[in-house]
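This briefing describes side-chain packing and pairing in one protein chain. It is arranged by topic, so that each group of contacts can be followed in the structure shown here.

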Amino acid sequence: MTPASRQALEGLRDLSMLKWYVIPLLAYTFYIYTLEMKKARATGNWNVVFAGLTVFGMDFINETWNGWVLVFTQRSAFWTAPGETALRTMVGWNIEIMFMFAISGIIYANTISEDRHEKILGISNWWFWAIGYSVFCVFVEVLLNMGGHLVWEYSFWSRSFKGVWLIFLIGYFHFYVAALLVIGMKTIRAKFITVSTLYVIAISANIFGMGIMGWVY
């Protein structure tokens with residue numbers, strides 16, 4: 001097991017690590033969601049809320065299978081976040097990352113036009129911003145990797161040309177694609193069922209992995 005993996009397992013889900021700044025971050029996140037919910041009740045358009053929940057649900061699934069990679073290889077997950085944090089929730093996930101992804105979909109939904117056919121540089125603006133935000137996220141992740149805050153072990157998941165493309169596709173782009181597909185659905189019922197399914201998958205996988213199997217990731 002790599003040094004980064006061992007370090008990421010130290011203090012995993014240890015509530016004594018909590019820092020006070022988590023409280024205002026939680027409050028800010030609640031404020032953002034309640035504000036969007038208030039707008040949604042007035043307009044009947046819940047797309048922003050659904051987009052926020054979709055991106056977080058996708059990240060929840062991503063972090064789960066990433067943790068399983070560590071369990072199966074007994075070497076390393078694709079990415080680990082071993083550095084200082086207010087709470088490490090999984091080997092590649094911490095409370096700060098969770099708050100960020102909780103609002104990333106909301107940022108995306110507030111950026112795009114209501115007209116999905118409106119184009120930017122010849123591309124549908126919904127797809128343009130999915131690509132744009134994914135590229136920006138990869139750029140930030142590269143900086144975090146360079147600073148040692150996010151550790152990559154495998155050659156195919158690295159700062160190489162092919163590695164960055166894989167991080168783009170699997171690490172971020174499909175989050176925003178999921179969001180645009182969900183908000184493009186015609187009924188609230190379809191959106192609700194789809195988003196709920198993401199959380200059922202993630203929660204069930206972790207009940208199986210952590211609860212039934214006793215895996216530590």
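In this predicted model, the side chain of Asn-125 reaches the backbone nitrogen of Ser-113 at a distance of 2.7 Å. Asn-125 belongs to helix H5 and counts as buried, because its relative accessible area is 1%, where the limit for that class is under 20%. The points below take up the surroundings of this residue, then the nonpolar core, the aromatic pairs and the salt bridges.

**Surroundings of Asn-125**

- When neighbours within four places in sequence are set aside, Asn-125 is in contact with Ile-112, Ser-113, Asp-115, Arg-116, Glu-118, Lys-119 and Ile-120.

**The nonpolar core**

- The largest nonpolar core comprises 55 residues, and those with the most contacts inside it are Trp-93, Ile-95, Phe-101, Tyr-108, Trp-152 and Tyr-176.
- Two or more residues of this core are given by each of helix H2 (22–43), helix H3 (47–73), helix H4 (95–111), helix H5 (125–146), helix H6 (161–183) and helix H7 (188–212).
- Of these elements, H6 supplies the largest share of the core, with 11 residues.
- Trp-152, one of the core residues with the most contacts inside it, touches Phe-78, Trp-79, Glu-141, Val-142, Asn-145, Trp-157, Ser-158, Arg-159 and Ile-167, when residues up to four places away in sequence are not counted.

**Aromatic pairs**

- Across the whole structure, a search finds 25 aromatic pairs, and among them is the tilted pair of Trp-68 and Phe-208, with 6.1 Å from centre to centre and 50 degrees between the planes.
- Because Trp-68 lies in helix H3 and Phe-208 in helix H7, this pair ties together parts that are 140 residues apart in sequence; Phe-208 is partly exposed, with a relative accessible area of 35%.
- The rings of Trp-127 and Phe-173 also form a tilted pair, since their centres are 6.1 Å apart and their planes stand at 50 degrees.
- With Trp-127 in helix H5 and Phe-173 in helix H6, the pair ties together parts that are 46 residues apart in sequence; Trp-127 counts as partly exposed at 31% relative accessibility, whereas Phe-173 counts as buried at 16%.
- Ring pairs also link Trp-65, Phe-78, Trp-79, Tyr-154, Phe-156 and Trp-157 into a cluster, and of these residues Phe-78, Trp-79 and Trp-157 are touched by Trp-152.

**Salt bridges**

- A search of the whole structure finds two salt bridges, one of which joins the side chains of Lys-39 and Glu-36 at 3.7 Å, taken from N to O.
- Both Lys-39 and Glu-36 lie in helix H2, where they are three residues apart, or about one turn of the helix.
- Lys-39 counts as partly exposed at 43% relative accessibility, whereas Glu-36 is buried, with a relative accessible area of 8%.
- In another salt bridge, the side chains of Glu-153 and Arg-75 meet at 2.5 Å, again from N to O.
- This pair links distant parts of the chain, 78 residues apart, with Glu-153 in the loop between strand E6 (151–152) and H6, and Arg-75 in the loop between H3 and strand E1 (79–80).
- Glu-153 counts as partly exposed at 29% relative accessibility, and Arg-75 counts as partly exposed at 40%.

Notes: Residues numbered from 1 in each chain as written. Predicted model: local features only at pLDDT ≥ 70, side-chain atom pairs only at ≥ 80, totals over all residues. Heavy atoms only, no water. Core = buried A, V, L, I, M, F, W, Y, C linked by side-chain atoms within 4.5 Å. Buried < 20%, exposed > 50% of the residue type's maximum accessible area, 1.4 Å probe, protein only. Helix = DSSP H or I, 4+ residues; strand = E, 2+ residues; numbered from the N terminus. Contact = heavy atoms within 4.5 Å. Polar contact = N/O pair within 3.5 Å; in protein donor to acceptor, adjacent residues only side chain to side chain. Phe/Tyr/Trp six-rings, centres within 6.5 Å; stacked < 30°, edge-to-face > 60°. Salt bridge = Lys/Arg side-chain N within 4 Å of Asp/Glu carboxyl O.
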